[in-house]
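Hi everyone, thanks for making time this morning.

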Amino acid sequence: MKKKVFVKRMRKHLLFLLILFTGAFLYLVGVLIYINVDKGKKYSQQVLNQKNFESISVPFKRGDIFDRNGSILATSNKVYNLVIEPKNILKDEDKKIATTNALATYFGVTAEEMGGYLADSNSLYKVIRKKLPYEDVKRFQDFKDSKEGRDVVGIWFEDQYIRSYPNDELACHLLGFVVSGNEGIGGVEGSYNSYLNGQDGRIYAYLSEDYTLQKKIEPATDGCSLVTTIDTEIQRIVQTKSDKYMEEVGAKNVSVLVMNPANCEILALYNCHQYNPNNAYDMKPCKYQFEGKDSSLSDSDFETMCKSMTDEEKLESLNDLWRNFVVSDSFEPGSTFKTFTISGAIEDGVLNGNEEFYCDGHQQVYDFDIGCVNRNGHGMLTVEQALTKSCNDCLMQIAALEGPTIFDKYQQLYGFGQRTNIDIAGEPSSADLAYMVYHRDTLNPVELATSSFGQGVTVTMMQLGTAFCSAINGGYYYQPHVVKQIIDADGNVVENYNKMLVRRTISEETSATMRDMLYATVENGTGNRAWVEGYQIGGKTGTAEKLPRGGGRYILSFIGFSPVDDPQVVVYCVVDEPHTGDQATSGAGAILFNQIAEELLPYMNIYKTGTDDEPEDSGDEYTPSPVFDGDAPENSVAGQTTESATTEAETTSEE
């Protein structure tokens, strides 16, 4: 047999083919490497999609909100969404029938509905019922785990949370509420939204090559919880007494602030026009906005009215309802402001407390006649009597001795015209608040005179309440706050908020003097209607005439504390336009304070150290009349846009 010999030409051909195939192989390897590196994720996703890949969000639990005693004010309750997997249900006819029957029995899924759901035969994720309670899910799970339910397939439940407020309207303006997307609106829900929210987890689910369901779970991170300074029972006392006042007397608005003067913790916060955070968009609580003092509106007529309103009109009405008067609204405080005029004068040495002033019923300041509460005059009064009798004339004389510089110094030390930085959403901006008081450069004689007794200057309840705590607690100005602690989902304390001292305002000696004067105001002066049997009460009334001057409309207030020697609680009551024949002399703020304090003080275990003898009426003549006798300045309130009639007048001389 002849041996086969490769000629030279054949060898060249073989070499060429070897190089060609080797090159082609290397090219294919290169392409595969390129695809794997550059397009790997894209093609992997396509493969997973072909295997019915699903990515499902696992919701976090928003943190709870507790009162100071551990009672729940807001929580997130777990509910369940019912999910079916049409692809798995359709694999076996017997199991399809068993599953369809179970869904009909336990969740009311009709045959027609089921047919529509199963039409998407490749789906592994279809939500068919939402927000199911645990009880419904438990009954189904018990059946599925039984012998009778062994053929039920392709059904599971995903968690969901809904925000719940177990006390309904209680402390609604302090708490706020939550809208879709876990977005807090108002109150601490808004202020602490980033703490209360957590991070969603994820479930990755897909069918493997052998058609078994594979899942990978990334757990959610739950939000932090808040421990607040609020006492639910104090809040309930305030709400009950205030609601009763509104039913029996009525007013345009009633608001109450309760604080611990030792650290400015908020114990209760109330506005009379309340809403239920569980259903914050319900229009029914807005009905008061369309009723007059002496007129009513039936529920059916109001419902008809709401149907004709645009969405913008409804939202405007709801925003008025949600607005927190205590934090957001400014007003002229009236005579409660005299506390700060007198304490500043004593602290700065303008007064030593032994001076006497003569009240003839009015002061002539340039072309304006500014009246006292007693148009016949009080006669000679000491500094303490000027406060107890709430004498405007004496206060104007004291402010004139202080001059704009000293007067404004204590306005600023007490925080007027500034943010308190309360940790509740809704406080006006620093720029807006700065224009609410007259400062040194705008405290002309008329402005200085009226500001001395709380007209012309404007404040928020939070500003005045915080300042008053400083005036009676030894002169310590603390930042007011609602949250005591932030706790993570594992129970660890993230933040602690205790005493947050901002500055000193007055000395302990001046503060003690003011406590004694304010006690005398309740025992012997205009605050006698705030007196509570057996308790030492100190405090100050406020009667502020609203614009336009001379219209007979007033804001009545009282801010008081107990006990006098060691103040443990401050209660500030504001009644806007009480529905009484004579608003100015109604004593609405002091009366409401009395009704609240009678139940509040025993609850707080504040011991009786006062007298059981009810104070006699001081007998002072009090004539409700405008601040100005005759013409009033065109601009008589800080922050108005028109120029003051006394802007060009010479300012008072400074000591």
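Let's start with Arg419, which is partly exposed, at a relative accessible area of 30%. Please keep in mind that this is a predicted model. Which residue does Arg419 pair with in a salt bridge? The partner is Glu427, and the closest N and O atoms are 3.8 Å apart. The cut-off for calling something a salt bridge here is 4 Å, so this pair is counted. Glu427 itself is buried, with a relative accessible area of 10%.

Now on to another glutamate. Glu577 makes a salt bridge with Arg553, and here the closest N and O atoms are 2.7 Å apart. Where do these two sit? Glu577 is in strand E25, residues 569-578, while Arg553 is in the loop between strand E23 (538-545) and strand E24 (554-562). The pair therefore ties together parts that are 24 residues apart in sequence. As for accessibility, Glu577 is buried at 14%, and Arg553 counts as partly exposed at 27%. These two also belong to a network of salt bridges that links Lys546, Arg553, Asp576 and Glu577.

If you'd like the general idea behind this, side chains of opposite charge can pair when their charged atoms come close.

How many salt bridges turn up in a search of the whole structure? The answer is 21. One more that I'd like to show you joins Lys409 and Asp348, with the closest N and O atoms 2.7 Å apart. Lys409 lies in helix H16, residues 392-413, and Asp348 lies in the loop between helix H14 (338-347) and strand E14 (356-359), so this bridge connects parts that are 61 residues apart in sequence. Both ends are partly exposed: Lys409 has a relative accessible area of 38%, and Asp348 has one of 29%.

Finally, let's turn to the helices. The axes of H19 (residues 461-472) and H20 (residues 508-524) come within 7 Å and cross at roughly 110 degrees. That angle makes H19 roughly perpendicular to H20. Which residues make the contact? From H19 we have Phe468, Ser470, Ala471 and Ile472, and from H20 we have Ser511, Met514, Arg515 and Leu518. Sorted by class, the contact has 5 nonpolar, 2 polar and 1 charged residues.

That's my tour for today.

Terms used: Residues are numbered from 1 along each chain as its sequence is written. This is a predicted model: local features need pLDDT of at least 70, side-chain atom pairs count only at pLDDT 80 or more; totals for chains, interfaces and linings use all residues. Side-chain values use heavy atoms; hydrogens and water are left out. Axes are lines fitted to C-alpha atoms, for helices over the stretch in contact, and angles run from 0 to 180 degrees between N-to-C directions. Helices (H or I, at least four residues) and strands (E, at least two) are DSSP runs, numbered from the N terminus. Angles under 35 degrees count as roughly parallel, over 145 as roughly antiparallel, 65 to 115 as roughly perpendicular and the rest as oblique. Contact means heavy atoms within 4.5 Å. Ala, Val, Leu, Ile, Met, Phe, Trp, Tyr, Cys and Pro count as nonpolar, Asp, Glu, Lys and Arg as charged, and the others, Gly among them, as polar. A salt bridge is a side-chain nitrogen of Lys or Arg within 4 Å of a carboxyl oxygen of Asp or Glu. Buried means under 20% relative accessible area, exposed over 50%, partly exposed in between (1.4 Å probe, protein chains only).
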